[in-house]
Amino acid sequence: MTPNNICNMAILKGLDIIAVTDHNSTKQLESVSKVAQSLGLHFLFGCEIQTIEEVHILGLFNSLDKTNKLQEWIDQHMPTIPNKVDFFGKQEICNIQDEVIGIEERLLLVSLDVSVEETIDKIHELGGKAILAHVLDRENSITHQLGFIPKGLPYDGLEVKSEDQIQRVLDNHPWIQKDSTTWFIDSDAHRLIDMSEREHKLDDIIFKDWWGIQV
Amino acid sequence: MKLNELMNELKWSNRTPDLNLEREVSGVYCGDLLSWVMGNGLPDQAWITVQGHMNIIAVAGLREFSCIIIAEDASIEEEVIQKAIEENIPIFESHLPVFETAKLLIEKGL
């Protein structure tokens, strides 16, 4: 998945907006955002952070400045374990021409030494929105790692894979209200082939209200 | 075996010293994945984990564990301790890894 592959596939799929949320890294965002901008595609600057509980949380931001500050925080909290390329693959950083301009040598598939709560606080401190990722997945979701979504956790949205999953979340969490929760149904694509068509939409007004600014 | 007899011998740090330890320990459960522990733990077990999130108190209450033993100096916030006191769930720290912690419990007859 290179910057041009991702953005052009998004255009082919007819998507209006994409968020790029690499695992524990924001270093690819600059070039992908530039390619997205050149194609007229709305872009959210993101990151999928893995907490000490091995829970995945998405941070979404409206500028590279904010994700650069997030990267400084990640660097302070990520253990330095060298990547094993044979096992985990290459962690390359590309420019807007899809040319490799850097390699992340540290293994990114690790947990930061911060809790779910500290991570959400940091995202908010930097002016971002925190979404609990793929909340019903059997790997690295908050329900799998922590049993359930804690009452009062100050997240801004829940990511699910389907409408059915919304009902399952509601059935197991009487303290979560359907209408006062912002639900994200998205593909969580890790490969180009997994990027969805325009199957799901978030109401424009709801999204702008949630995001707080024009995107 | 009573929890107080067990802990008197093991001398692990008791983070909730005001709680009554006059309760039965029937066995041991080890696990950090809370969805799994919620589904498989049994009443009166001593639960060994390195998971320090607040949700451990709810899980221990749900499964009626006799205590939580935090292994290997995993961090646990003061507010989690406070919640444990409110919910009457004793918390100990073994300072040893999970396997060594469990071995000591086996030596004591569990």
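Here is a friendly conversation about a predicted model with chains A and B.

Trainee: Let's start with chain B. What pattern does chain B follow along the sequence?

Mentor: Chain B has five helices and five strands. Taken in sequence order, they give chain B the pattern α-β-β-α-β-α-β-α-β-α.

Trainee: What is the radius of gyration of chain B, and why does chain B count as compact?

Mentor: The C-alpha trace of chain B spans about 30 × 30 × 25 Å along its principal axes. For 110 residues the globule rule gives 13 Å, and chain B comes close to that, so it is as compact as a globular protein of that length. The radius of gyration of chain B is 12 Å.

Trainee: Now to chain A. Which strands are the edge strands of its sheet?

Mentor: The sheet of chain A is open, with six strands in the order β1-β2-β3-β6-β7-β8 and mixed pairing. From one strand to the next, the twist averages 30°. An edge strand pairs on one side only, and in chain A that describes β1 (17-20) and β8 (183-185).

Trainee: Which residue is the bridge partner of C47(A)?

Mentor: Strands of a sheet pair through backbone hydrogen bonds, either parallel or antiparallel. In chain A, β2 (residues 42-50) and β3 (residues 56-61) pair in the antiparallel sense over six bridges. The partner of C47(A) lies in β3(A), and it is G59(A).

Trainee: Which strands does helix α3 of chain A touch?

Mentor: Helix α3 of chain A covers residues 64-77 and packs on the sheet. Its direction makes about 10° with that of β2(A). The strands that α3 touches are β2 and β3 of chain A.

Trainee: What covers the buried residues of α2(A)?

Mentor: Helix α2 (residues 29-38) of chain A has L29(A), S31(A), V32(A), S33(A), V35(A) and A36(A) as its buried residues. Just after the helix, G40(A) takes a positive phi of about 75°. The cover over those buried residues includes α1 (3-12), β1, β2, α3 and β4 (92-94) of chain A.

Trainee: How many nonpolar, polar and charged residues are in the contact of α1(A) with α2(A)?

Mentor: The two helices pack at an angle of about 35°, with axes 9 Å apart, and α1(A) passes α2(A) in a right-handed crossing. From α1(A) come P3(A), N4(A), I6(A) and C7(A), while α2(A) brings S31(A), V32(A), V35(A) and A36(A). By class, that makes six nonpolar, two polar and no charged residues.

Trainee: Where the chains meet, which helix gives the most to the side of chain A that touches chain B?

Mentor: The contact takes 10 residues from chain A and nine residues from chain B. With four residues, the helix that gives the most on the chain A side is α6 (residues 142-146). The residues on that side divide into four nonpolar, five polar and one charged. So that you have the name at the end: helix α6 of chain A.

Trainee: Is R168(A) buried, exposed or partly exposed, and why?

Mentor: R168(A) lies in helix α7 (residues 163-172) of chain A. A residue needs 20 or more neighbours to be buried and 12 or fewer to be exposed. R168(A) has 14 C-beta neighbours inside 10 Å, so it counts as partly exposed.

Notes: Residues are numbered from 1 along each chain as its sequence is written. Chains are lettered from A and ligands numbered from 1 in the order in which they are written. This is a predicted model: local features need pLDDT of at least 70, side-chain atom pairs count only at pLDDT 80 or more; totals for chains, interfaces and linings use all residues. The radius of gyration is taken over C-alpha atoms; the globule rule is 2.2 Å times the number of residues to the power 0.38. Two strands pair if DSSP finds at least two bridges between them. Axes are lines fitted to C-alpha atoms, for helices over the stretch in contact, and angles run from 0 to 180 degrees between N-to-C directions. Two residues are in contact if their C-beta atoms, placed from the backbone, lie within 7 Å. Ala, Val, Leu, Ile, Met, Phe, Trp, Tyr, Cys and Pro count as nonpolar, Asp, Glu, Lys and Arg as charged, and the others, Gly among them, as polar. A crossing is left-handed if the near helix is turned anticlockwise from the far one by less than a right angle, and right-handed if clockwise.
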